[in-house]
Amino acid sequence: MATVLDDINAGVREDMEARKRLVSLAELKDLAQAAAPARDAWAALGGTSPTREQLKVIAEIKRRSPSKGDLASIGDPASLARQYADGGASVISVLTEQRRFSGSLADLDAVRAAVDVPLLRKDFTLDEYQIWEARAHGADLILLIVAALSDTQLSDFSALSRELGMNVLVETHTEDEIERAVAANARIIGVNVRNLKTLDVDRSVFASLAGLIPAEAVVVAESGVRDADDVTHYAASGANAILVGEALVSHATPRERIAEFTAAGAAAIAARS
Ligand SMILES: O=C(O)c1ccccc1NCC(=O)[C@H](O)[C@H](O)COP(=O)(O)O
């Protein structure tokens, strides 16, 4: 039986084929080569810090989702991105998937023009075309979901992203997926506590898997942050960064919310050492 992730990916493929008819790969390559160099998301997430005593926040621009429906209208993604940057977000994640999340590459362009913070193009990457597209639109980091890719795709897509100067967030949800991420030499590894095949959220998944990730990698806890207590739980369990969508887009003052999460994370990291 097809999973939620299979259905999403089928729509992503169809939409990508339509874009390919409008913008050829050759044109995208020209645009990517003309773009300003990618910003260093690895450093922004503390990858170069020997102590990693701060919890980094990846703040997501997310209008709707398969699990929750409409979250926020976000008429001006650039304005939201500026609030995220002012609050201290280390990376801004822009969901560009259209059918299920109401995102677009236009959102990525608007956010790129508004902030200097490294940007994650958050999409379901299934083809090298999307990697060129991400770079052409100013992304610095792309998402690879292990559950959706073969080992060959994982390593080929990672290699292409690196050639283009971008970093890769490799998303996992099981022990086996972490092994595959590590085998692909991933250095930013996310554990998504949302099972993308069923949409169940189980925050305990993070603590049970984080310890399997090598110490050199930046460890990202993805999804399910509701409040500072969840941040404390992830940071105490080994997170170097958190990826937060709903709790920011549905909050009246996302800037303050990010500062609150950063403080909660730093306190938990200090307590763990
Ligand atoms: O959010 C969903 O319902 C979803 C469903 C299927 C595939 C992916 C999905 N979300 C992508 C994400 O990973 C989240 O947007 C991200 O981790 C932030 O999650 P949250 O803070 O819980 O909004």
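This passage walks through the overall build of the protein chain and then the surroundings of its ligand. The structure is a predicted model, in which local features need pLDDT of at least 70 and side-chain atom pairs count only at pLDDT 80 or more, while totals for chains, interfaces and linings use all residues. Residues are numbered from 1 along each chain as its sequence is written.

The protein chain contains twelve helices and ten strands, taken as DSSP runs (H or I, at least four residues, for helices; E, at least two, for strands) and numbered from the N terminus. Its radius of gyration, calculated over C-alpha atoms, is 17 Å, close to the 19 Å that the globule rule (2.2 Å times the number of residues to the power 0.38) gives for 273 residues, so the chain is as compact as a globular protein of that length. The C-alpha trace spans about 55 × 40 × 40 Å along its principal axes.

A UniProt record (unreviewed entry) places the feature "domain: Indole-3-glycerol phosphate synthase" at residues 5-260; such annotations may be inferred rather than shown by experiment. This span is 43% helix and 17% strand, and its end C-alpha atoms lie 32 Å apart.

Turning to the ligand, 20 residues are found around it, with S65, S67, S223, G245 and E246 coming nearest; a residue is near if its C-beta atom, placed from the backbone, lies within 6 Å. Two or more residues of this shell come from each of α1 (4-22), β10 (241-244) and α11 (246-249). By type, the shell holds nine nonpolar, six polar and five charged residues, where Asp, Glu, Lys and Arg count as charged, Ala, Val, Leu, Ile, Met, Phe, Trp, Tyr, Cys and Pro as nonpolar, and the others, Gly among them, as polar.
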